[in-house]
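Grab a pencil and work through these exercises with the model open beside you. Each one sets a task and then walks through a solution.

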Amino acid sequence: MDGGAVRRSAEALQRRIASRFPDRGLWEVCGEVVALVDEVNAGSGISRRRVRLARLLSRIAMLVVVAFLGGAVTLAAIDVAETPGALAPVDLLPLIETIINDLVFGGIAVFFLFTVPERMERARVLRILHRLRSLAHVIDMHQLTKVPERLERSSREDGGLGMSRAELTRYLDFCTEMLSLVGKSAALFAEDTTDGDVLDAVEGIETLTSDMARKVWQKIAIIQQEN
């Protein structure tokens, strides 16, 4: 998926909303969608460089740990080999236990260092996905009070919407487009990752925005039937 195309679509939608409903806050919400898409597109390159650097440093640290453990075990083996009669078999047990402990803790350290870059990237992506999920709920709040029954009231002061049926339909249609863009923005993260947590979060946002858009389309269908 092309992040630039998603960004252009979001920017064009913001202009359309601002020209049609300049006195409502929906176009400002769409501006937040544009800003998040920019952050996704800009952050992907920076994040890749950061992850590559973290991966390089973690691999160097892993080599240091392995070299230290290998050196310690080698020195212990040489010391035992040089004095084969000085130690009874029972005296070797503490040495063997120490070597095993060093290998276990060394393996834990290597595993931790190996997963550092992936955990850094996962944390960054999940933060942005959380913001996209929150933005979807903001969009839903904007359409939540736009019910067809309020069209019968004359003005916003009387609890009406201050819109015609055509304007309300267009407003709700804009909401569905924004929800779709939020889902597409989340899907950008699924392009270059196999992380299960990230893919689950992306799928959750896509499902959430689809369900919200379905409810909006139900309102649009009611308005068109009553027209």
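A salt bridge here is a side-chain nitrogen of Lys or Arg within 4 Å of a carboxyl oxygen of Asp or Glu. Keep in mind that you're looking at a predicted model.

**Exercise 1. How many salt bridges does a search of the whole structure find, and what do the pairs Arg 16 with Glu 177 and Arg 214 with Asp 211 connect?**

Solution. 
- Step 1: count. The search finds five salt bridges. As background, side chains of opposite charge can pair when their charged atoms come close.
- Step 2: take Arg 16 and Glu 177. Their side chains meet in a salt bridge of 3.0 Å, N to O. Arg 16 belongs to helix α1 and Glu 177 to helix α4, so this pair ties together parts that are 161 residues apart in sequence.
- Step 3: Arg 16 comes out at 36% relative accessibility, so it counts as partly exposed. Glu 177 is at 24%, so partly exposed is the label there too.
- Step 4: turn to Arg 214 and Asp 211. Their closest N and O atoms are 2.8 Å apart, and they form a salt bridge. The two sit three residues apart in helix α5, so about one helical turn lies between them.
- Step 5: Arg 214 is partly exposed at 48% relative accessibility, and Asp 211 is partly exposed with 34%.

**Exercise 2. Find the aromatic pairs in the whole structure and say which residues they link into a cluster.**

Solution. 
- Step 1: recall how to describe a pair.
- Step 2: count. A search of the whole structure turns up two aromatic pairs.
- Step 3: classify one of them. The rings of Phe 21 and Tyr 171 have centres 5.4 Å apart and planes at 80°, so this pair is edge-to-face. Phe 21 is in the loop between α1 (3-20) and α2 (26-82), while Tyr 171 is in helix α4 (residues 165-187), so the contact ties together parts 150 residues apart in sequence. Both Phe 21 and Tyr 171 are buried.
- Step 4: classify the other. For Phe 21 and Phe 174, the centres are 6.1 Å apart and the planes are at 85°, so that pair is edge-to-face. Here too distant parts of the chain are linked: Phe 21 in the loop between α1 and α2, and Phe 174 in helix α4, 153 residues apart. Phe 21 and Phe 174 are both buried.
- Step 5: Phe 21, Tyr 171 and Phe 174 are linked into a cluster by ring pairs.
- Step 6: The charged end of Arg 170 sits over the ring of Phe 174, 5.7 Å from the centre.

**Exercise 3. Are Cys 30 and Cys 175 buried or exposed, and how many disulfides are found?**

Solution. 
- Step 1: use the cut-off, which is under 20% relative accessible area for buried.
- Step 2: apply it. Cys 30 is at 0%, so it's buried; Cys 175 is at 0% too, so it counts as buried.
- Step 3: count the bonds. A search of the whole structure finds zero disulfides.

**Exercise 4. Describe the overall fold pattern and the nonpolar surface patch that includes Leu 56.**

Solution. 
- Step 1: list the elements. The protein has five helices and zero strands, giving α-α-α-α-α along the sequence.
- Step 2: Of the 227 residues, 33% are buried.
- Step 3: find the patch. Leu 53, Leu 56, Leu 57, Ile 60 and Val 64 make a nonpolar surface patch of about 480 Å². Leu 56 has its place in helix α2.

Definitions and conventions:
Residues numbered from 1 in each chain as written. Predicted model: local features only at pLDDT ≥ 70, side-chain atom pairs only at ≥ 80, totals over all residues. Heavy atoms only, no water. Phe/Tyr/Trp six-rings, centres within 6.5 Å; stacked < 30°, edge-to-face > 60°. Helix = DSSP H or I, 4+ residues; strand = E, 2+ residues; numbered from the N terminus. Buried < 20%, exposed > 50% of the residue type's maximum accessible area, 1.4 Å probe, protein only. Lys NZ or Arg CZ within 6 Å of the ring centre and 35° of its normal. Disulfide = S-S within 2.5 Å. Patch = residues over 30% accessible without salt bridge, like charges linked within 9 Å, V, L, I, M, F, W, Y side chains within 5 Å. Areas by Shrake-Rupley, 256 points an atom, 1.4 Å probe, with all protein chains shown as cover.
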